[in-house]
Amino acid sequence: MKVSYSLAATALITASATAFAPSIPTLLPTSSSISSSSSSSISMAGFGDSGGGMSKKKKGKNAKPNKSPILKPKAQWDRYGSLKKSTGVRAAARVANDGQDSGEWYEVGRVKSEGDEYTEIAVALQRGIIAEHAKRLYPLQFLPKDKVDWAYTTTATPEQEDWIQIDKSTSRDVPAGVEKQIGFEGKPDTATGFYCNYKGGRLVDKYDEGKSLAKE
């Protein structure tokens, strides 16, 4: 009788413990969680763009072509030097903010084009480089948010009225590959080292080493 009572008591305790124990769900990945996790991993690897799906921009009949190539200062300086038979034409910039009188022209550098045929296009296509260098050369005259005009002249010692202003619309519908037929060399900026070339301790023209630029 004692054995039977003991077995019955053990069974009762076990049943009670089972009845009040919290149920532990089985954690299995669902198809939606797998998809979400996989998508997050791809986005991080592609810095927010996996290169496919809805994030990819559609190209169709209404897509507008980029007619103005993005030019870099070093590449255009090298191209300037490669155009050995072309003439360097002075380029300038001035402040032209809305609602204000335009400022004075400041020479920023020179442009070249193949056969001297694309001077206006050379200024228009390289206007971003010219404006950036103007703000580098003349930080007090050209503030970071100032709007800028561009111009060129063939006059050796130009006055303000000698500069010929170029509209940025000149950069539209240009000949294919013309960006490889133009170049820009900025005036040397010793503070940053831009467009600086030294020989024998003198600041000289990179493509005409006999010409000193120290006083220009």
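Reply: What follows describes the sheet, strand by strand, and then the helices and loops around it.

This is a predicted model, in which local features need pLDDT of at least 70 and side-chain atom pairs count only at pLDDT 80 or more, while totals for chains, interfaces and linings use all residues. Residues are numbered from 1 along each chain as its sequence is written, and side-chain values use heavy atoms, with hydrogens and water left out.

The protein chain has 5 helices and 8 strands. Helices (H or I, at least four residues) and strands (E, at least two) are DSSP runs, numbered from the N terminus. Starting at the N terminus, the elements follow the order α-α-α-β-β-α-α-β-β-β-β-β-β. Of the 216 residues, 31% count as buried; buried means under 20% relative accessible area, exposed means over 50%, and partly exposed lies in between (1.4 Å probe, protein chains only).

Now the sheet. Its 5 strands form an open sheet in the order β4-β3-β1-β2-β5, with antiparallel pairing. Two strands pair if DSSP finds at least two bridges between them. The edge strands, β4 and β5, each pair on one side only. Neighbouring strands are turned by 35 degrees against each other on average, direction ignored. For such angles, axes are lines fitted to C-alpha atoms, for helices over the stretch in contact, and angles run from 0 to 180 degrees between N-to-C directions. As a general point, strands of a sheet pair through backbone hydrogen bonds, either parallel or antiparallel.

Strand β1 (89–95) pairs with β2 over 5 bridges and with β3 over 6 bridges, in the antiparallel sense in both cases. A92 has E107 in β2 as its bridge partner, and A91 has Y152 in β3.

How many residues of β1 are buried? The count is 7 of its 7 residues. In a regular strand the side chains alternate between the two faces of the sheet.

Helix α5 (127–137) lies across β1, β2, β3 and β5, running at about 150 degrees to β2. Its buried residues are I129, I130, A131, H133, A134, R136 and L137. Among the elements covering them are α3, α4 (119–125) and β3. Contact here means heavy atoms within 4.5 Å.

Helix α3 (residues 73–82) has Q76, W77, Y80 and G81 buried. Seen down the axis of α3, these buried residues fall within an arc of 145 degrees, so they line one face of the helix; the arc is that of the directions from the helix axis to the C-beta atoms. They pack against β2 (106–113), α5 and β5 (182–186). The helix itself lies across β2 and β5, at about 105 degrees to β5.

Several of these elements meet in the largest nonpolar core, which has 30 residues. A nonpolar core is a set of buried Ala, Val, Leu, Ile, Met, Phe, Trp, Tyr and Cys residues joined through side-chain atoms within 4.5 Å. β1, β2, α4, α5, β3 and β5 each supply at least two residues of this core. V111 and I130 have the most contacts inside it. Leaving aside neighbours within four places in sequence, V111 is in contact with residues including Y80, V89, A91, A122, I130 and F184.

V178 is in the loop between β4 (164–166) and β5, and V178 is buried, with a relative accessible area of 1%. Not counting residues up to four places away in sequence, V178 touches Y118, I121 and L125. The C-alpha atoms of V178 and A122 are separated by 8.6 Å, although these residues are 56 apart along the chain. D173 lies in that loop between β4 and β5 too, but D173 counts as exposed, at 62% relative accessibility. Its phi is near 50 degrees, a positive value in a residue other than glycine. Y195, in the loop between β5 and β6 (198–199), has a positive phi of about 60 degrees and is not a glycine either. At 5% relative accessibility, Y195 counts as buried.
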